[in-house]
Amino acid sequence: MTPTELTPAQGETLVLPDFLPVLPLKDVVLFPYVIVPLSVSRDRSIAAVDAALAEQRLLLLVAQRDASVEEPKPEELYGMGTAAAIMRMLKLPDGRIRLLVQGLSRVKIESILTDGPCLRAKVTRVAEPETPVPSSEEIEALVRSVKEQLEKTVNLGKPISPEVMLVAGTLDDPARLADLAASNLELKADEAQRILETVPAEERLRAVVEILGREVRVLTVQQEISGAAKSEIDKSQREYFLRQQLKAIQQELGETDDVAEEIAAYRAKVVEKKVPEEAAQEIEKQIKRLERGNPDSAENAMLRTYLDWMTGLPWGITSEDNLDLSRARTILDEDHYDLVKIKERIIEFLAVRKLAPESKGPILCFVGPPGVGKTSLGRSIARSLDRKFVRLSLGGVRDEAEIRGHRRTYVGALPGRIVQGLQTAGTSNPVFVLDEVDKIGADFRGDPSSALLEVLDPEQNKAFRDHYLGVSYDLSKVLFITTANVLDTIQPAFVDRMEVIRLSGYTLEEKLSIARRHLVPKQSKENGLPDGAIAFTDDGLRKVIESYTREAGLRNLEREIGSCCRKVAVRHASQDTKKVKVDAKTAEKLLGIPRFRQDEALSVDQVGAATGLAWTAVGGDVLIIEARAVPGKGRLQLTGQLGDVMKESAQAALTLARSRAAELGIPEKYFETHDLHVHVPEGAIPKDGPSAGVTMATVLVSIFGKRAVRRDVAMTGEITLRGEVLPIGGVKEKVLAARRAGIKTVILPKANERDLEEIPEELRKELTFVFAKTVDDVLGAALLGKGRKLPARKKAARAAPSAKPAVARRTRK
Ligand SMILES: Nc1ncnc2c1ncn2[C@@H]1O[C@H](COP(=O)(O)OP(=O)(O)O)[C@@H](O)[C@H]1O
Ligand SMILES: [Mg+2]
């Protein structure tokens with residue numbers, strides 16, 4: 001036999017031998033005339049193929065009843081199979097065989113021989129039914145039905161090759177048509193076997209029609225299921241078209257929907273506000289996205305927020321400046337007491353603006369302790385210029401995004417605080433106070449101060465880019481003012497850009513005047529008291545200032561006055577409208593137990609205790625420094641929460657004293673047999689700074705020389721090992737503190753003499769000032785007693801140092 005296809009006629013006429021080698025099939029049924037590829041791997045099956053090849057290349061293919069059986073016994077095979085010819089054979093390297101076989105004819109298995117390497121079956125051919133010509137109407141109908149249904153399954157997606165369909169269309173043997181259909185429907189083995197075993201044409205067709213009918217129903221359902229999934233995707237597309245149609249219809253009817261109205265409003269604002277080109281383009285771009293999107297989607301909500309911001313900003317809107325200088329002066333005086341020099345500087349600043357509106361003046365930076373009026377000066381400037389006022393507190397701002405905004409891709413993104421400030425102001429030229437620039441932080445989220453630098457730089461702020469807006473905004477018309485408590489923590493690049501104006505703390509008298517003129521009226525109004533319902537006597541205010549506040553500024557004072565007003569307001573609200581006069585006693589009744597004891601000077605002149613002057617963030621303070629010598633080995637112990645700088649100045653004081661031991665009449669052995677303990681009592685407040693140097697030296701010399709320190713003398717100054725006294729900061733605050741404590745004489749470094757100008761005349765008259773160039777000047781003024789005076793120093797020692805205090809000059813307090 002040649003390995004080529006057999007025509008039906010050949011197949012039918014072929015004479016079969018009585019016995020055929022058996023190839024059992026798992027899950028497949030071979031029909032006559034059908035060609036299939038097979039893979040053979042079981043030993044007995046390979047033997048069967050070998051046997052067939054040795055004979056006429058003919059095999060019996062028969063399905064197993066159970067596909068899981070590896071070595072089927074005769075009774076585990078169906079009783080009818082198909083004789084087949086091997087068309088092609090390929091042995092694979094692993095011993096398996098690939099076969100291409102063609103079914104020839106149905107055969108009935110008479111018996112199976114099990115001896116030998118493969119099964120052998122005794123078979124008899126089953127004749128195919130004769131095609132009646134003409135066929136019955138019954139058969140005709142079934143044939144058409146099969147053809148139709150086949151067509152349907154293909155349309156429903158059944159993968160049947162076009163060739164098969166072509167053959168089926170032209171085939172007019174009903175029995176063969178049934179076989180063809182059955183072999184192409186991927187039937188289960190038992191179903192296919194049933195068809196194989198059905199010989200009569202009509203019956204076979206009926207069975208196939210039934211199977212096809214079921215197949216069509218299954219395919220229909222399957223298509224419905226996948227169709228539903230698909231339509232889900234198409235839905236949004238469809239919605240879009242519907243929406244477009246709706247829009248067209250509404251337009252036709254002269255109606256507009258919400259979105260269209262909204263969009264029209266956005267566009268109108270762009271026109272009305274003279275939004276710059278770049279921003280207008282961006283707005284238009286986002287409006288387009290809004291139009292396309294689903295109105296209820298999260299994306300559209302985001303777009304709306306963005307468009308609200310963009311169209312709500314005061315693009316190009318500026319208020320008219322009022323540059324009437326005498327009016328400005330009146331306003332500044334109205335709002336703030338004294339501060340003469342500062343107000344003068346502000347007036348100059350305004351005058352320059354008036355003469356050269358386009359000039360970029362410096363940025364003012366008010367520096368001083370809390371509550372001295374830095375922020376409220378900013379407010380006054382806004383008022384006198386007739387500009388809007390915005391304040392941005394930078395305390396604790398660590399994230400660059402707070403200044404510059406988050407990119408829009410963030411959930412809940414917003415513009416930065418600069419842009420938010422402008423939005424609040426409603427103009428593009430407000431007075432913008434950047435409060436507490438010294439408290440700005442920096443961390444991994446980027447450095448906010450570099451963003452601020454850009455904000456303040458007149459070269460760059462014309463086109464400030466906020467990440468959220470994504471377009472530039474012109475900040476050049478904004479009048480920025482900054483404030484800080486100290487300059488130390490501010491980046492130098494920052495300080496360079498600003499003109500620093502220092503404000504210092506207020507004296508008791510100044511506080512009294514400010515309270516009377518500003519704070520009391522302001523607080524009683526804020527708490528709803530009618531005019532004159534509360535009146536403070538001088539004593540009353542003094543009591544509030546001295547016993548309830550300890551500060552350079554006015555914040556707590558204002559709060560305490562407010563607290564008095566509220567207490568009185570409560571009485572008023574309960575119909576007790578008696579006028580309240582607040583004297584010292586009433587103040588204590590209203591405010592409770594006094595919170596602060598006034599700094600007190602030492603009660604007696606004594607050895608080993610001296611009064612220093614310190615400067616803290618809340619103002620000046622007196623600082624008692626104590627020292628004792630006890631038997632020991634020359635160690636120095638320091639206690640009282642001293643910072644490193646203060647510890648160092650204690651060491652320096654000690655070294656200085658030791659180097660002068662002989663002059664001071666201290667025995668050689670003294671330091672080897674004594675330990676020194678220096679202590680700075682009071683309040684567990686951390687203390688630092690070099691300005692206690694002279695006090696340390698004084699108290700040590702007092703101990704060594706057994707000379708008392710005058711109780712009414714207070715001192716401040718840094719020392720060097722050579723005995724020079726170097727200048728210090730915070731003179732005014734320190735002098736005020738000394739006065740409060742009842743000190744009579746204040747020792748200051750010589751180089752600080754000019755700072756005395758800051759101190760009000762009346763105070764200067766009350767106190768005696770000693771300006772010390774060297775430690776000896778200090779000791780001379782502070783120590784009592786006949787004890788040994790320091791001998792005059794040798795000329796050579798004195799010549800070198802005094803000329804250049806500037807070398808070691810520090811601005812630390
Ligand atoms: N010289 C002054 N005259 C009148 N009121 C003042 C003066 N200095 C400060 N104040 C008031 O004290 C309060 C605190 O001032 P504020 O500007 O908040 O201080 P700062 O910003 O310096 O911490 C404000 O109510 C302010 O009006
Ligand atoms: Mg402030």
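A crossing of two helices is called left-handed if the near helix is turned anticlockwise from the far one by less than a right angle. In this predicted model, helix α9 passes helix α10 in such a left-handed crossing.

Two packed helices are described by the angle between their axes and the distance between the axes. For α9, which covers residues 277–292, and α10, which covers residues 298–312, the angle is about 155° and the axes lie 10 Å apart. Angles over 145 degrees count as roughly antiparallel, and α9 and α10 are therefore roughly antiparallel to each other. On the α9 side, the contact is made by Ala-279, Glu-282, Ile-283, Gln-286, Ile-287, Arg-289 and Leu-290. Helix α10 contributes Glu-299, Asn-300, Leu-303, Arg-304, Tyr-306, Leu-307, Met-310 and Thr-311. Of the residues in this contact, 8 are nonpolar, 3 polar and 4 charged.

The next part to look at is a sheet. Strands of a sheet pair through backbone hydrogen bonds, either parallel or antiparallel. Here 5 strands form an open sheet with parallel pairing, and their order is β8-β9-β12-β7-β13. At the edges are β8 (389–393) and β13 (498–502), each of which pairs on one side only. On average, and with direction ignored, neighbouring strands are turned by 25° against each other.

Within the sheet, strand β7 (residues 363–367) pairs with strand β12 (residues 479–484) in the parallel sense over 4 bridges. Phe-366 stands opposite Thr-483 in β12. Helix α13, made up of residues 374–385, packs on the sheet and touches β7, β8, β9 (431–435) and β12. The direction of α13 makes about 165° with that of β12.

Key: Residues are numbered from 1 along each chain as its sequence is written. Chains are lettered from A and ligands numbered from 1 in the order in which they are written. This is a predicted model: local features need pLDDT of at least 70, side-chain atom pairs count only at pLDDT 80 or more; totals for chains, interfaces and linings use all residues. Side-chain values use heavy atoms; hydrogens and water are left out. Axes are lines fitted to C-alpha atoms, for helices over the stretch in contact, and angles run from 0 to 180 degrees between N-to-C directions. Helices (H or I, at least four residues) and strands (E, at least two) are DSSP runs, numbered from the N terminus. Angles under 35 degrees count as roughly parallel, over 145 as roughly antiparallel, 65 to 115 as roughly perpendicular and the rest as oblique. Contact means heavy atoms within 4.5 Å. Ala, Val, Leu, Ile, Met, Phe, Trp, Tyr, Cys and Pro count as nonpolar, Asp, Glu, Lys and Arg as charged, and the others, Gly among them, as polar. Two strands pair if DSSP finds at least two bridges between them.
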